[in-house]
2 protein chains.
Amino acid sequence: MEYIVSDRVKTLKPSAIREIFKYAADPTVVSLSAGNPAPEAFPIQAIAEISNKILNEEPVAALQYSFTEGYPPLRRTVGEFMKNEYNVGRDFDDLIITSGAQQVMDLLTKSMVNEGDTVICEAPSFIGSLNSFRSYNARLCGIPLEPDGMNLEALESALKNEKNVRFIYIISNFQNPSGVTTSLEKRKAIYELAKKYGVMILEDNPYGELRISGENVAPIKSFDEDGIVVYAGSFSKILSPGMRLGYVIAPKPVVAKMVVCKQGEDVHTNTWAQMVAHRFMTEYDFAGHLKGLREIYRKKAAFCMELLDKYLVPNKITYQPIEGGLFIWCRLPGGADMLDFCKQAVLRKVCVVPGNAFLTDEGEQCSSFRINFSTPTDEQLEKGIKILGELAKEIL
Amino acid sequence: MEYIVSDRVKTLKPSAIREIFKYAADPTVVSLSAGNPAPEAFPIQAIAEISNKILNEEPVAALQYSFTEGYPPLRRTVGEFMKNEYNVGRDFDDLIITSGAQQVMDLLTKSMVNEGDTVICEAPSFIGSLNSFRSYNARLCGIPLEPDGMNLEALESALKNEKNVRFIYIISNFQNPSGVTTSLEKRKAIYELAKKYGVMILEDNPYGELRISGENVAPIKSFDEDGIVVYAGSFSKILSPGMRLGYVIAPKPVVAKMVVCKQGEDVHTNTWAQMVAHRFMTEYDFAGHLKGLREIYRKKAAFCMELLDKYLVPNKITYQPIEGGLFIWCRLPGGADMLDFCKQAVLRKVCVVPGNAFLTDEGEQCSSFRINFSTPTDEQLEKGIKILGELAKEIL
């Protein structure tokens, strides 16, 4: 039988990263290609304790069907946390729990984007989100990313000229893959532009708690008095990605449509995970845990940047130092063949992600690749970056 | 701001059942409207033990990112179980774990159905699935359900006359809401018709293990030598719905597209739940557990049918006795106003689901309502059905 495939998924390909992730499961390969939190960042003991309590004290609640909107105590706790810490959330907003922040991208696109409508995003941007938009046949319009955020002229031009723009997608802190944090000035400017052109903003902030230097920048959602920002939050980097827990804070009419879509997708998010997150935030030292995480990543990032300075920079590869997150974006000198470099690296058993995987058009020219420093051990990181340096010395 | 909504969700409404589910949370209301497994059917002790072991023995595996296709040992175990027990699965098939069987409906529709394409379903059918199809703007074509399955003439006529039919959706055992099990003869006939017209079948079997009398009927997927059947399985009724665990067994090209869509929806399913299910199937007496479940539901169903015979049948409400599942479909006499009956019932603090909620067109005439006997206690069941009987006596 010839299987008929819907138009929306006809050209959809598996995420290059998740494919590389499989390849990187080969234990002889040093993987700098994943986006996994450091395993030592998981509060294993606390999760085991809480899980035990839940399954002893309220097992039926954990195992029975629950509400599509999420476990009410967790919704309240996250809402209070985001309001108190970041002034995110107004009376016109609602908050629901999702199966990872990935589901926010999916549900919002499903709710608001017709096939052929446009989504504006940073170029480069997170491939998982881009694929989510693509899977509803959205047209992607990439805006060049500068060290302080999107190029505003290109953004306004897109808002003016593109048809049926539905939202602007921004990873505001320590962007994946570039590491860029959008400045406060640009956040305000982007907000004003969105308002001017009647377009929503999807602010995705999975790495916000992982700042290792500098000062926090207010989320775009924190100055949303007009109800035009959808905020996607995640537990993947602060608790556990295997739990698949995220949340969305957005105006009520938008959330209501997302809830109906979620009913049809997975009914509700795993209840055990929601209950664990709730107790972890309320019965444990959550602030202390976040501080500990930052310590872990501060060390890892510093070590990684030392290695880059030692092995790559002398061999013509540059990078922008980061203030947080899990990724460093490395740039080859002009004229170098980045794809060939990444392939040669794999042959030498080091895996990085070619930068064009993060573009709205993968065929476009790109001279960067992404390194992740949270997953590998220090030994693996040194071994991998050393090999990259040798390779660069030989072929660049 | 006026929020623009995509065409596909414009007319999509929250599931009437999930809305009633909220209403039924009122402790003074006797809810016969849910579809929850009986809490005493959860293997709480085993799940607590296993969870403890996992978080002690392999916590990082449980908490880290995992494969979109699912936890490999669970995929293998479920595949072997379905092959050995039901001869489901061929070399051309693949199996992935989903976030509840609900996600199978979603992913298949997303992968194969363009907006405006047709999905054929039983009338009545499970509203959650219908809403999943609707959420991609599929046209629904309902085929009248008889006590042994779909009306075959109506099915062939639809296959002949409807445009771009993508698949036939069937809940083969103890259908929700009707309780109907499609006979072996009709299963074969439906398979042949699908083959003849080049259309896939989506066989949904969440209740298959809950047979309380009679003999198992072979799944349609068990005679799929042509690669035209997509089989959706669920852990919700045999382990726990709060875990959100389901699976799909389907031809590899179809599964491959579903995997890409799943990446964009939730990356992967909660790992803890997958590991718990795997250990429960392999380290505990899974067959004994299923046998125990059937005992629980056999008693509950028998008690419910006794009550119906005692209170409803003498008052002009009829029903078709069931051989399994969680639901009984009750029919009012001709000319009676079913919606008014359900509203009056709610005023007397008994909640049932009006039958038209399960039709492809909710505006259509329907004289039935659905009762669930697995969620209420025996006392609640008797109280609720007694009230329905009194109401029937008064107004029918």
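User: Which residue in β14(A) does V353(A) stand opposite?
Analyst: This is a predicted model, in which local features need pLDDT of at least 70, side-chain atom pairs count only at pLDDT 80 or more, and totals for chains, interfaces and linings use all residues. Residues are numbered from 1 along each chain as its sequence is written, and chains are lettered from A in the order in which they are written. Strand β13 (residues 353–354) of chain A runs antiparallel to β14(A) over two bridges, where strands (E, at least two residues) are DSSP runs numbered from the N terminus, as are helices (H or I, at least four), and pairing requires that DSSP finds at least two bridges between two strands. Within β14(A), V353(A) stands opposite R370(A).

User: Which residue of β14(A) is the bridge partner of F327(A)?
Analyst: Strand β11 (residues 327–331) of chain A also pairs with β14(A), in the antiparallel sense and over five bridges. The bridge partner of F327(A) in that strand is N372(A).

User: Is strand β14 of chain A largely enclosed or exposed?
Analyst: A residue is buried if 20 or more other C-beta atoms, placed from the backbone, lie within 10 Å of its own, exposed if 12 or fewer do, and partly exposed in between. S368(A), R370(A) and N372(A) on one side, and F369(A) and I371(A) on the other, are all buried, which covers both faces of β14(A). Because five of the five residues of the strand (residues 368–372) are buried, β14(A) is largely enclosed by the rest of the structure.

User: Which helix supplies the largest share of the side of chain A that touches chain B?
Analyst: Counting two residues as in contact if their C-beta atoms, placed from the backbone, lie within 7 Å, 71 residues of chain A are in contact with 69 residues of chain B. Several helices of chain A each supply at least two residues of this side, including α3 (44–57), α6 (102–112) and α11 (271–283). The largest share, ten residues, comes from α10(A).

User: Is D266(B) buried or exposed?
Analyst: D266(B) lies in helix α10 (residues 252–266) of chain B, and, not counting residues up to four places away in sequence, its contacts include R244(A), D266(A) and S99(B). Since D266(B) has 25 C-beta neighbours inside 10 Å, it counts as buried.
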